[in-house]
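Student: I would like to go through this model feature by feature. Where do we begin?

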Amino acid sequence: VQLQASGGGLVQAGGSLRLSCAASGSIFSIMGWYRQAPGKQRELVARITVGDSTNYADSVKGRFTISRENAKNTVYLQMNSLKPEDTAVYYCNAANNLGNYWGQGTLVTVSS
């Protein structure tokens, strides 16, 4: 299984970015995004089930939207109204009955 994440970069506060993560292999029951800021633990940002049920961290509710295309085995994270505290390495995650898998991470930097 490989998870290929893309879309990170440098953006000013208030701006937007869209992350994508394409997964190989079979359909994953849950796909999601986690992030890890310097000196902090990795935390859940958002996740989505194969049936499109979602949940979000309180800190991103109303600003971030997670979606997926099952036919492409791809998950997206639309990030709007970005804040400097959103700066982190964002990791794609996918899980099914065979295991729990991680992508390589993509850096998001939000300047003030």
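Tutor: With pockets. A pocket is an open set of grid points with protein on both sides within 12 Å along at least five of seven lines, and its lining residues have an atom within 4 Å of a point. Keep in mind that this is a predicted model.

Student: Which residues line the largest pocket?

Tutor: Rolling a probe the size of a water molecule over the atoms shows where empty space is left. Here the lining consists of Arg35, Gln36, Ala37, Lys40, Gln41, Glu43, Ser59, Pro84, Glu85 and Thr87. By class, that lining has 2 nonpolar, 4 polar and 4 charged residues. The volume of the largest pocket is about 150 Å³.

Student: How many disulfides does a search of the whole structure find?

Tutor: A disulfide is called when two cysteine sulfur atoms lie within 2.5 Å. The search finds 1: Cys21 and Cys92, with sulfur atoms 2.1 Å apart. Cys21 belongs to strand E3 and Cys92 to strand E9, so the pair ties together parts that are 71 residues apart in sequence. The link is left-handed, with -85° about the S-S bond.

Student: Are Cys21 and Cys92 buried or exposed?

Tutor: Both Cys21 and Cys92 are buried.

Student: Where is Asn70 placed?

Tutor: Asn70 sits in the loop between strand E7 (64–69) and strand E8 (74–79). Its relative accessible area is 30%, so Asn70 is partly exposed. Leaving out residues up to four places away in sequence, Asn70 touches Ile27 and Val50. A polar atom of the Asn70 side chain lies 3.3 Å from the backbone oxygen of Val50.

Technical notes: Residues numbered from 1 in each chain as written. Predicted model: local features only at pLDDT ≥ 70, side-chain atom pairs only at ≥ 80, totals over all residues. Heavy atoms only, no water. Helix = DSSP H or I, 4+ residues; strand = E, 2+ residues; numbered from the N terminus. Buried < 20%, exposed > 50% of the residue type's maximum accessible area, 1.4 Å probe, protein only. Contact = heavy atoms within 4.5 Å. Polar contact = N/O pair within 3.5 Å; in protein donor to acceptor, adjacent residues only side chain to side chain. 1 Å grid on protein atoms, 1.4 Å probe; cavity = no way out; pocket = protein on both sides within 12 Å on 5 of 7 lines; lining within 4 Å. Points joined across faces, edges and corners; volume = space filled by probe spheres on them. Nonpolar A, V, L, I, M, F, W, Y, C, P; charged D, E, K, R; others polar.
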